[in-house]
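I opened my notebook to look up a few residues and ring pairs. Here is the model I worked from.

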Amino acid sequence: MNYAQFLNMMPEITLTAILLITFVCDFCSARSAARKWFNPLVAVLLLVHIALNACPTGERTAFGGMYHTYPMAGVMKTLLAVGTLIVVIQSRKWLSRADTAFKEGEYYVILLSTLLGMNIMISSGSFLLFFLGLETASVPMACLVAFDKFRHYSAEAGAKYILTATFSSAVMLYGIAMIYTAAGTLYFDDVAAKITLSPLTILALIFFFSGLAFKISLVPFHFWTADAYQGAPTSVTGYLSVVSKGAAAFTLMVILMKVFGSLASAWVPMMYIVVTASIVLANIMAIRQSELKRFMAFSSISQAGYIMLAVIGNNSLAVSSLTYYILVYIVANLAVFSIIGVVEENNNGATMIEDYNGFYSTNPRLALLMTLSLFSLAGIPPFAGMFSKFFVFMAALKAGGFWTYLVVFIALINTVVSLYYYLLIVKAMYIKNADAPLPRFKSDCNTRLALFCCMAGVLLCGVVSCVYEWINAAVC
């Protein structure tokens with residue numbers, strides 16, 4: 001074996017190095033005083049990782065084409081690392097509690113393990129490596145969901161997540177076996193050259209899509225989402241809603257366009273149904289929620305529908321639009337979860353929407369930041385969310401056809417519905433009165449830093465064109 005091939009995997013190498021450094025530091029730090037340096041250490045190492053891999057490199061392959069990286073994959077890995085860095089920063093307050101401080105090192109090791117699996121999944125050139133990367137990301141994720149083991153809801157959420165993840169992986173593996181039967185190979189390029197439209201390949205495509213749609217929380221594979229989001233620690237919920245979902249959505253887009261591009265007549269109608277159902281049903285269910293993390297769970301299902309709307313276009317604009325949408329979604333959603341987390345930590349687990357009644361009167365700055373983030377998620381101009389939705393709609397419309405126009409029209413109408421239920425939170429904070437509103441409190445430095453990074457993205461990504469140009473240059 002030519003070990004020089006590993007040099008083509010620089011993002012994975014640097015992540016592995018960070019993971020090993022974190023593991024050794026955790027193993028050698030028996031005193032709690034030494035553990036206070038874990039958070040800044042991991043944050044600085046991730047920042048170095050982002051700086052080393054931010055510039056897109058040329059197309060490279062390793063191990064006979066099993067590993068394949070290209071500029072857009074590098075951009076996507078950078079965005080996921082940025083999202084993980086924000087999650088690490090905002091996790092410090094929660095991890096400083098007496099019941100979690102002793103396992104802070106374990107948290108970072110598991111978190112970095114999932115990010116490593118996502119990177120492998122994105123750069124896979126074979127269904128075998130893709131499945132290994134997917135499981136490397138999914139199994140530790142179940143540990144993160146159940147990390148707050150002294151809370152009943154966290155353990156329950158972890159059990160539900162791992163059971164449904166196991167079932168979805170089995171379904172996907174069955175689909176991959178059918179693909180191998182039809183094409184006689186697992187390499188993406190060879191499968192694309194040999195696969196033909198037949199009942200076996202259509203069934204294989206359905207099974208494969210079903211397994212990966214679970215990771216993205218698309219309807220009807222979304223039933224685990226609300227319970228897992230509510231039960232998991234808030235920082236983990238934010239990570240699960242943006243980083244994990246973004247990696248799965250990007251990988252599904254690449255495989256559909258690269259491997260199954262010749263079968264677009266089979267999977268595009270399936271996308272019509274799934275995208276429309278995800279956007280419409282999730283919006284309806286979000287209106288009915290009174291718990292904020294469950295509310296954001298159904299919001300994320302709807303956002304997943306918008307993300308996958310770009311894939312219908314099946315063109316280069318779809319790639320850049322989906323990636324840009326994920327970037328905007330990362331900063332906006334993590335801002336919301338940062339505020340939910342700091343309110344929860346300072347007010348005995350207050351996560352009901354009614355708990356935020358009169359929130360502006362006691363914490364006006366946090367209320368304003370929450371409002372701006374929700375407006376971005378809803379697609380209100382001039383925030384970045386409006387531009388991300390515009391690019392997604394344009395990418396889908398490039399495909400043309402009556403059904404495409406209908407799906408885009410339904411998605412456009414549902415942006416108004418989403419604005420309505422996001423305004424329910426704004427109404428609670430600014431208009432509704434409470435006999436005993438949440439008390440005034442001061443956010444910790446890490447939360448303020450995370451919110452600053454997120455709000456900079458929300459306010460600048462839409463008006464600073466270099467961000468979109470950086471993404472678009474990787475496609476070209």
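**Entry: Tyr324.** I noted first that this is a predicted model. I looked up Tyr324 and found it in helix H15, residues 316–346. Is Tyr324 buried or exposed? Tyr324 is buried, because its relative accessible area is 1%, and the cut-off for buried is under 20%. I then listed its contacts, skipping neighbours within four places in sequence. Among them are Ala384, Phe387, Ser388, Cys461 and Tyr468. Phe387 sits 63 residues away along the chain, yet the two C-alpha atoms are separated by 9.1 Å.

**Entry: Ser302.** I found Ser302 in helix H14, residues 292–309. Ser302 is buried, with a relative accessible area of 1%. Beyond four places in sequence, I see Ser302 touching Ser278, Ile279, Ala282, Asn283 and Tyr421.

**Entry: aromatic rings.** I searched the whole structure and got 24 aromatic pairs. In one of them, Tyr161 and Trp224, the ring centres are 5.3 Å apart and the planes stand at 75 degrees, so I logged the pair as edge-to-face. Tyr161 lies in helix H8, while Trp224 lies in the loop between helix H10 and helix H11, 63 residues apart. Both are buried.

I also logged Phe295 and Tyr422 as edge-to-face, 6.1 Å centre to centre, with 75 degrees between the planes. This pair links helix H14 to helix H19, 127 residues apart. Phe295 and Tyr422 are buried.

I noted one aromatic cluster of Phe127, Phe130, Phe188, Phe208 and Phe260.

**Entry: a charge over a ring.** I found the charged end of Lys389 over the ring of Tyr306, 4.7 Å from the ring's centre.

Notes: Residues numbered from 1 in each chain as written. Predicted model: local features only at pLDDT ≥ 70, side-chain atom pairs only at ≥ 80, totals over all residues. Heavy atoms only, no water. Helix = DSSP H or I, 4+ residues; strand = E, 2+ residues; numbered from the N terminus. Buried < 20%, exposed > 50% of the residue type's maximum accessible area, 1.4 Å probe, protein only. Contact = heavy atoms within 4.5 Å. Phe/Tyr/Trp six-rings, centres within 6.5 Å; stacked < 30°, edge-to-face > 60°. Lys NZ or Arg CZ within 6 Å of the ring centre and 35° of its normal.
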